[in-house]
Amino acid sequence: MKENQRRIFLKAITSIPILGGAVMAASALIRYFKPTTVGGVKGLVAPPDEAGSSVQIVAALSELTQPWDFKEFIYIRKSVEYSSRKIQGAKIPGFVVRLPDEFTDPKDPKSRFVVVQRICPHLGCTFNFVKSPEELSGGYNYKPPMPTHPYFACPCHLSVYDPTRKTEVNLQGPLPGKVVSGPAPRPPRTMSFDIKDGQILITGTEGGGVG
Amino acid sequence: MVKAIPYLIRGLAGAPGTFLKWFQERWTKMELFDEGRTQQARTNPWYTLGGMWYWVWMLVILSGVVLMVYYVPVTDQAYHSIERIQHNWRWGPLPIGSLVRGLHKYGADAFIILATLRVYRMWFTGEYKQGNEFTFIIALLLLIIGMYSGLTGYLLIWNQRALWATKVMATFPTYLDQNPGWLPGGDFINWTNQGKTTAQILLGGTSIGPATVTRFYAFHFMLSFIPMIFFELRVYRRGFKRMNISHWAKLAVFGVILAIAIMIPAAQGSPANPEVTPNPILSDWYFLAMYHFLKLQDPYLATVLTVAIPFLVLGSMFLDRRPEREWGKRQIFNWIGIGGLIYFIVFSFLILNGIADLHRDAPLWYFSMGGFLLAGYLQDWAYVMRRDQKRWWETFHIFFVAFILVSMSANTLYHYFGDIREWNVLGQAEMPKVLARLQQANPLATPDMAFEWLEKNRPALNLWFTSKKGPGKPPGMELWLVHVVAWLGIIASGIVIGLGRWGRRKEAEEQAALAKAKPRAAGA
């Protein structure tokens, strides 16, 4: 009995370095599969690399004069590519929507526009700007209250966002696009923008999500 | 409880040896493709599933290797290379490319169907008992690997469905970084970026692009080949026959798949376009139920549950401790299987017809889940009463039933009344006044907006039970907490009482053994 216990103890002791080696090998393997520019063990827990963003003109104010005028655009977000090219451009689709005056702050010209990324924060599909209530209730399972207005609606899991209303998001303050139907956990991701010389410029995008 | 402690310590000290023995026993008994069931396979077609599964796997690998010759794994050429394979590669009137592709695609579908049927056969006949646990675990793992292989495979076509399915699949794990702050250790897990790391490992970057196609190509190949290599090594070392079916059966399976490939040439869809998501957009058939499940849940919960489902199945397998394998003698586990099948079929039907309502449907599913378990339990209770000749209260598992009832009621309450603002009498009285005022400024104001105003400006009304509702805290969280506390209480009391019984039984066994040993010692 005692003999047996001693053997078990010795086996347990020798298994420690073996297990340690296995863990190290596994971490090296994960490190091989996970592309980052952060070196060493730190790279295991580092978030994805975000490369710098650039300022891009996406719309002119003359295109968005009437309430509920909108424009789809593509913003090129640069990110790191793990090849000899070093950098790749990920296309981030976006929406700029002109709100009717009753939803805006007359002192703040930026509040007339809602600028969001078209990537659904639920599971990453590209959502649409839906104007007709019939389409909303037929295709997206949401019956808007009357009198109605257009909504953002995602075809994958039928989340519907109300561009006129805001929701408080952790660390970011109120964001436009309150979820009124479907499983989305938060309003669409935002883009920071400026209005200059009658044009709308995108200056940066909120990270996270899959492009 | 106290009496159990020395037995627990003794058990833990011997744990490595016990585990090794347990493992070796199951490792030798393991049957990956029913290879030892040749006799049964002759009379019972359910036991040919394993052999057919292996055969279909071989067909898929072979046709896949042939397809590799012409496939180009680059985003802007992939779709066209498939088109060329489908249409241009012919021999006289024979569309070889289309047939090989059909064989690969429908073979993969057959793989999933056979694997699922086999898992169900093992579940319903209790085949995982008597030391066959590993066979079942590996069958389930291979089914999951097969589904994942399907997912990585159909992105290679680079069509719309594949692109969006991949996007959904890759966004999934990012929710693992959004553990709520009140969860112990939640912030630490968020800090390690496990979810984003997983997504990055899958995609080879932060978005679906050329790196993703290369990776998926590699994964698709690896997932098929590596398990096969291990199986072949086992065959080599033990020298058994791989398939328990006749050559005619193999030919029939091949013929059926080929016939389908001729009748319905494999579809290709439209080329992937990251800027447009078509409506409706659906995944491959075996993910449809899962896809519907996503609609009914908060995404964080959905992610956790999706990862948890296979583990729950495996866990419940280990709970089935009785040796009985007959249908009528293990009703709880039968009902778990039947329930899973029903959800799979009904969810697939619902998503194909676009029926989903988060507030109306989800509680129905929770409720039916509890109903299946309760139905199974009641039948099982009746069986145990008959078997052991006992009175009804002697075999009634109050903790199990309480656990099901608490889960059912709490989930239902949460979904129907999670928005407890409607319950609040003061808030109800106040809301129309606020709404009228808001409507003066904004004709489109809704009751919801009035509630929001009240929440912000009249915290004393306590619209959410507590005034601590912060951003990111879902509504009705209090109900969830009550629910979790009740669960923990039930589980803890069950453990305490169960351990107490176990300790007393062990002690009695030991004393009986001593009493037996003593007279013999005296006699010697």
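In which sense do strand S9 and strand S10 of chain A pair, and over how many bridges? In this predicted model, local features need pLDDT of at least 70, side-chain atom pairs count only at pLDDT 80 or more, and totals for chains, interfaces and linings use all residues. Side-chain values use heavy atoms, with hydrogens and water left out.

Strand S9 (residues 191-196) and strand S10 (residues 199-205) of chain A pair in the antiparallel sense over six bridges, where pairing requires at least two bridges found by DSSP and strands are DSSP runs of E with at least two residues. A:Phe193 has A:Ile202 of S10(A) as its bridge partner, and in the hairpin, with two residues between the strands, A:Asp197 takes a positive phi near 50 degrees.

Helix H8 (residues 160-171) of chain B, helices being DSSP runs of H or I with at least four residues, is largely enclosed by the rest of the structure, because eleven of its twelve residues are buried. These buried residues, among them B:Trp164 and B:Lys167, pack against helices H7, H10, H11 and H13 of chain B, with contact meaning heavy atoms within 4.5 Å.

How values were computed: Residues numbered from 1 in each chain as written. Chains lettered and ligands numbered in written order. Buried < 20%, exposed > 50% of the residue type's maximum accessible area, 1.4 Å probe, protein only.
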